[in-house]
Amino acid sequence: MSSTGDDAAVGGRCAVHMPRTARTVTDFPRVGRFPAVQAGQPAIERLAPTSDLLGFRGPTACAAAGITYRQLDYWARTGLLEPSVRTAYPSTSQRLYSFRDILLLKIVKRLLDAGVSLQNIRVAVAHLQAADQADLAGMTLMCDGATVYECTTPQQVVDLLKGGQGVFGIAVGAVWQELELTLGRLHAERTDTGETLVGHDPADELAQRRNRAV
């Protein structure tokens with residue numbers, strides 16, 4: 001059974017350190033473009049998974065973040081990480097998550113797997129939600145199992161490792177790139193029109209070509 005994080009051991013007080021040095025922001029190539037119209041219709045534009053015009057439903061968020069729907073539902077109900085595009089209220093609506101929401105879901109999953117307490121994860125999530133989205137791409141999170149440190153330069157990572165504080169690290173930019181590739185293959189929903197957009201999976205297209213050639 002997958003843990004929702006509520007049974008994690010409570011560790012020491014989480015300190016998400018904010019270095020005073022200038023942040024290094026890396027511009028990553030945008031991959032995985034969504035068609036802006038239904039399948040079968042001519043595509044008039046293509047949107048990146050990071051676009052504010054795109055939202056992702058719960059099952060898609062789970063698949064992309066590598067979590068169960070039970071975890072997703074628990075974290076939303078307890079306020080750990082609620083969808084920023086659309087909540088489940090009123091009861092007739094479905095949750096809709098942004099790219100940034102799912103990025104944080106993946107990070108929460110990794111911190112939870114590393115044994116970080118839910119209490120400390122909440123502090124880290126609040127800090128990441130307050131950060132500019134552009135800054136997230138150049139950020140590395142280091143964790144010793146209790147404390148989460150924010151590093152924005154390679155030297156800060158080295159300093160933590162020398163001090164024996166950093167046990168493992170999460171390169172947020174690498175998670176970002178991985179998530180763009182994943183969401184580019186999954187369905188999305190336009191936030192302005194509500195239409196469902198079909199993701200593009202190159203592997204599926206290759207398989208279809210091979211089947212036609214047989």
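Student: In the hairpin of β5 and β6, which residue takes a positive phi?

Tutor: First, some conventions. This is a predicted model, in which local features need pLDDT of at least 70 and side-chain atom pairs count only at pLDDT 80 or more, while totals for chains, interfaces and linings use all residues. Residues are numbered from 1 along each chain as its sequence is written, and side-chain values use heavy atoms, with hydrogens and water left out. Helices (H or I, at least four residues) and strands (E, at least two) are DSSP runs, numbered from the N terminus. Two strands pair if DSSP finds at least two bridges between them. In this hairpin, glycine 145 has a positive phi near 100°, and 4 residues lie between the strands. Strands β5 (residues 140-143) and β6 run antiparallel, joined by 4 bridges; leucine 141 has glutamate 150 as its bridge partner in β6.

Student: Which way do the residues of β6 point, and are they buried or exposed?

Tutor: Buried means under 20% relative accessible area, exposed over 50%, and partly exposed in between (1.4 Å probe, protein chains only). In β6 (residues 148-151), Val148 and Glu150 point one way, Tyr149 and Cys151 point the other way, and all are buried.

Student: Which residues have the most contacts inside the largest nonpolar core?

Tutor: A nonpolar core is a set of buried Ala, Val, Leu, Ile, Met, Phe, Trp, Tyr and Cys residues joined through side-chain atoms within 4.5 Å. The largest one here has 45 residues, and Ile102, Leu105 and Ile107 have the most contacts inside it. Helix α3 (99-113) is among the elements that give two or more residues to this core; α3 gives the most, with 9 residues.

Student: Where do glutamate 189 and arginine 86 lie?

Tutor: Side chains of opposite charge can pair when their charged atoms come close. A salt bridge is a side-chain nitrogen of Lys or Arg within 4 Å of a carboxyl oxygen of Asp or Glu. Glutamate 189 and arginine 86 form one, at 3.3 Å from N to O. Glutamate 189 belongs to strand β8 (residues 188-190) and arginine 86 to the loop between α2 and β4, so the pair ties together parts 103 residues apart in sequence. Glutamate 189 is buried, at 6% relative accessible area, whereas arginine 86 is partly exposed, at 28%.

Student: Which residues are linked in a network of salt bridges?

Tutor: Arg57, Arg86 and Glu189 are linked in this way.
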